Amino acid sequence: MVEQTLRYRDDEPVSDPAVTVDAFADQSNATAVRIEPGDDARALLPHLERIALVEVNFPAYTDGRGYSAARILREHGYAGELRAVGDVLVDQLSHMRRCGFDSFAPNQDISREAADKAFATWPDVYQKTVDGRPAIWAKRHG
Amino acid sequence: MYQYDQYDQAMVDARVAEFRDQVARRLAGEITEDQFKPLRLKNGLYLQLHAYMLRVAVPYGTLNSRQMRMLGDIADKYDRGYGHFTTRQNIQYNWIKLQDAPDILADLASVEMHAIQTSGNCIRNTTADHFAGAAADELVDPRPYAELLRQWSTFHPEFDYLPRKFKIAIIGSETDRAAMKLHDIGIQLVTNDAGEVGCRFYVGGGMGRTPMIAPVIGEFVPPLQMISYLEACLRVYNRYGRRDNKYKARIKILVHEIGADEYRRQVEEEFAHILTLGLEPPPAELERIKGFFEQPGFDASASDELDLSDPDFAVWVSQNVHAHKQPGYAIATISLKPVGGIPGDASADQIRLMADLARDYSFDELRVTHAQNIVLPHVKKADLYTVWQKLDAAGLANANLDLISDIIACPGLDYCSLANARSIPVAQKISERFADLGRQKELGELKLKISGCINACGHHHAGHIGILGVDRKGVENYQLLLGGSEGADTSLGTITGPGFSEDGIVDAIEKATDVYLAQRSDGERFVDTYRRIGMAPFKEAIYAKEPVNG
């Protein structure tokens, strides 16, 4: 059972249960959906307007498919909550944030203080992603 | 050479601070070895059979003298006075104490070096042509593109937990000196009829237990879209590469299973999307990086003449020196393969001497080759004799480049926790058997490569002669392969038949070379003769029953 969610959004959390990607297509009133590693995040693209929460499950932290799923959703304009759930460790938080996650429900609690420290690991970043941080090359060339 | 600015320096400094904190937590018992393992692996720190091994990145194999000197000093201060140059143009230290590792990373950071992503299922250190910027046959200098790649791949947030490790090589010559087609991605910089530069992408090559030669996926990608194309290649792999079986998780299996055409289709679809996102560094960034790779201040009046009256020097020149694009200059390769030595090893003193030679005679530059040797890329021909004398005095003037004793070998069971058999003693015995340089030269170019297990770190598939060590019911056994190659004529070796003991494999190689000497036509290398006459004559000689005595 998830004890605690680290959330970096100002809006109200969604209380609807998240449904599977397969079930989502048939439920026109569903607003929360859960992506498993083998799911194609692009299946959600036609429905982004009505989604308020996407949970991306990490059954094992070593399975990195969820990073691509998150980025794809953000790249296509998804603005709702994007939550990493499962085997989410403090050492992955920084990269997850860069890929567009803005809430975290780890199997094992992570303190807000430890999370803030993780987010501050890198003074700058080499890549442009979806988190709005300017890449180092952008800073170099104004 | 590239120089860090404040941003690059801040990145490696942040990494040192992060790892220092992680090691402190481990030493204090706050985290378990299981929790610590993925963290140390991201910093190139492996727990091997006897000690920790630290793998230091040498980005695209390029070093200045200050960095090389630091590698020697680290060998003295934290290891047993030597280091091991690897087939991925890196250096490894085999006897590291965990509590020293953060200090080593700090020492490296002080000379703009690091151990970032030298392990783990992420994008590893990019390798490149070791003659880049110097080779007479070069079309495009790959180093600026390699530096762009280094920065893009460093702490890439999407591709840190790929199905498996990911290795990229880049070249800019027709001659492939980087085994480019045997990488997850090989990029060849080419020019079209209009003289424009393009990146030809080979994707899905590799060695390991399923060796494959990469097919061309992108024929001519504009250099200012290279990063976007890479993002597309990697994203398709990250999403669809197999994760159910570690041995089928490399991108070569994905490309093979869905086919090059389908993989290309998916990449192009993703590429079209990514181009809309503006992820590519601007042209000014590539220009900025190119500024660090201007030609050094060559002496335009340097003489192209070379005094070869010293016969030993003449032999070294004929074997270890290559043509430079600048008249009056040459590329000198320092062989780290003395007879009976450990391939790729160099003592701290030797490392520092090579640093001094680079400073004094090669515009402060060195390269590490994937064949585990060191290159002085820009030596004035007038200085070559002096350089050779200094190398000779330090035991570094082995004139055996690309000969049978210039062996690539992995660390094997002497160090590596994955190995099934020892590689080093086999390499030593072969170099001793063929110690006579005249005999080696008679055999000509002969690339011999040894791996101590199926993971193929010693590139045995790509050797003209390859050796694979396996474990046969608790006894080390060595399989022999013939006919591999890694250049423009890339091919994979074929196993001759049943394996051999440690001494038996040396005998078998000698028999194979006898077949070559007896059967070769004019100008044929070993691998050419093999390709012409096939396996049968070799097999017959290698497995012939010895006459029974008494």
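In what sense do S17(B) and strand S18 (residues 465-472) of chain B pair, and over how many bridges? Hold on to that while we get our bearings; please keep in mind that this is a predicted model.

Let's begin with chain B as a whole. It contains 17 helices and 20 strands. Its radius of gyration is 23 Å, close to the 24 Å that the globule rule gives for 550 residues, so chain B is as compact as a globular protein of that length. Taken along the principal axes, the C-alpha atoms of the chain fill a box of roughly 75 × 60 × 55 Å. Of the 550 residues in chain B, 55% are buried. Among contacts in this chain with a separation of 6 or more, 67% are between residues 24 or more positions apart.

Chain B is divided into four parts: domain 1 (6-109), domain 2 (134-289), domain 3 (311-393) and domain 4 (408-542). The C-alpha centres of domain 1 and domain 2 of chain B lie 27 Å apart, and each of these two domains gives four residues to the contact between them. On the domain 1 side, those residues are three nonpolar and one polar, with no charged ones.

Now back to the opening question. S17(B) and S18(B) pair in the parallel sense, over four bridges. Within S18(B), B:Leu468 stands opposite B:Ser451. S17(B) also pairs with strand S16 (residues 408-409) of chain B, again in the parallel sense, here over two bridges; B:Ala409 has B:Ile450 as its bridge partner in S17(B). Strand S17 itself spans residues 448-451 of chain B, and both of its faces are covered. On one side B:Leu448 and B:Ile450 are buried, and on the other B:Lys449 and B:Ser451 are buried too.

Elsewhere in chain B you can find an open sheet of five strands, in the order S3-S14-S15-S12-S11, with antiparallel pairing. Its edges are strand S3 (62-64) and strand S11 (321-323) of chain B, each of which pairs on one side only. Ignoring direction, neighbouring strands of this sheet are turned by 30° against each other on average. Inside the sheet, strand S14 (residues 365-368) and strand S15 (residues 374-380) of chain B run antiparallel and are joined by two bridges. B:Val368 has B:Ile374 as its bridge partner in S15(B).

Chain A has an open sheet as well, built from six strands in the order S1-S6-S5-S4-S3-S2, and here the pairing is mixed. Strand S1 (6-7) and strand S2 (19-20) of chain A stand at the edges with a single partner strand each, so one side of each has no neighbour in the sheet. S1(A) is joined by two bridges to strand S6 (residues 103-106) of chain A, and the two run antiparallel; A:Arg7 stands opposite A:Ser103 in S6(A). H2(A) lies across strand S3 (32-35), strand S4 (53-58) and strand S5 (81-86) of chain A, running at about 160° to S4(A).

Finally, how do the two chains meet? In all, 25 residues of chain A are in contact with 28 residues of chain B. Helix H2 (65-75), helix H3 (93-98) and helix H5 (136-140) of chain A each supply at least two residues of the side that touches chain B. The largest share, five residues, comes from H2(A), the helix that lies across S3(A), S4(A) and S5(A). By class, this side of chain A has seven nonpolar, eight polar and ten charged residues.

How values were computed. Residues are numbered from 1 along each chain as its sequence is written. Chains are lettered from A and ligands numbered from 1 in the order in which they are written. This is a predicted model: local features need pLDDT of at least 70, side-chain atom pairs count only at pLDDT 80 or more; totals for chains, interfaces and linings use all residues. Two residues are in contact if their C-beta atoms, placed from the backbone, lie within 7 Å. Ala, Val, Leu, Ile, Met, Phe, Trp, Tyr, Cys and Pro count as nonpolar, Asp, Glu, Lys and Arg as charged, and the others, Gly among them, as polar. Two strands pair if DSSP finds at least two bridges between them. Axes are lines fitted to C-alpha atoms, for helices over the stretch in contact, and angles run from 0 to 180 degrees between N-to-C directions. Domain bounds come from an automatic or database domain assignment. The radius of gyration is taken over C-alpha atoms; the globule rule is 2.2 Å times the number of residues to the power 0.38. A residue is buried if 20 or more other C-beta atoms lie within 10 Å of its own, exposed if 12 or fewer, and partly exposed in between; C-beta atoms are placed from the backbone.
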